[in-house]
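I opened this model to look up its sheet, its core and a few single residues. My notes are below.

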Amino acid sequence: MSLIIKAPDLGDGVTHAMVGAWHAKPGDTVSEGALIVDVATDKAAFEVTAPGSGVLVEIFVEPDQEFEAGAALGRIETL
């Protein structure tokens, strides 16, 4: 089963953010709740955790790339 890593709620009126750094790369095993990616707006920084355990199979938004609120950032395949 696939789990989508979604962007966090960015706050009222904030529509875009940017990926700072991924803490895993495709092929890495990740644990539920583990820090997986940092994102930031011009007002705040957020840490996104893995929604479940499995293997990070795809990154949709690369570092320094902008995305819209609610965007899918990557995909984990559960074990």
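**Ground rules.** I am working with a predicted model, in which local features need pLDDT of at least 70, side-chain atom pairs count only at pLDDT 80 or more, and totals for chains, interfaces and linings use all residues. Residues are numbered from 1 along each chain as its sequence is written, and side-chain values use heavy atoms, with hydrogens and water left out.

**Sheet.** I looked up the strand order first. Strands here are DSSP runs (E, at least two residues), numbered from the N terminus, and two of them pair if DSSP finds at least two bridges between them. I found 4 strands in an open sheet, ordered β1-β8-β6-β3, with antiparallel pairing. β1 and β3 (29-30) are at the edges with a single partner strand each, so one side of each has no neighbour in the sheet.

I then went through the pairs. β1 and β8 are antiparallel over 5 bridges, and Ser2 stands opposite Glu77 in β8. β6 and β8 are also joined by 5 bridges; Leu56 has Ile76 in β8 as its bridge partner. Between β3 and β6 I noted 2 bridges, with Val30 partnered by Gly54 in β6.

**Core.** Which residues touch the most other members of the largest nonpolar core? Of its 22 residues, they are Trp22, Ile36, Phe67 and Leu73. A nonpolar core here is a set of buried Ala, Val, Leu, Ile, Met, Phe, Trp, Tyr and Cys residues joined through side-chain atoms within 4.5 Å. β1 (2-6), β2 (16-22), β4 (35-40), β6 (54-59) and β8 (72-78) each give this core at least two residues.

I listed contacts (heavy atoms within 4.5 Å) for two of these residues. Leaving out neighbours within four places in sequence, Trp22 contacts Ile5, Ile36, Val37, Leu56, Ile59, Val61, Glu62, Pro63, Leu73 and Gly74. Ile36, in strand β4, has contacts beyond four places in sequence that include Ile5, Trp22, Val30, Val48, Leu56 and Ile76. I also noted that Ile36 and Glu47, 11 residues apart in sequence, are 7.6 Å apart C-alpha to C-alpha.

**Buried or exposed.** I used relative accessible area: buried is under 20%, exposed over 50%, partly exposed in between (1.4 Å probe, protein chains only). Ile36 has 0%, so I logged Ile36 as buried. Asp64, in the loop between β6 and β7 (66-68), has 61% and is therefore exposed. Phi of Asp64 is near 70 degrees, a positive value in a residue other than glycine.
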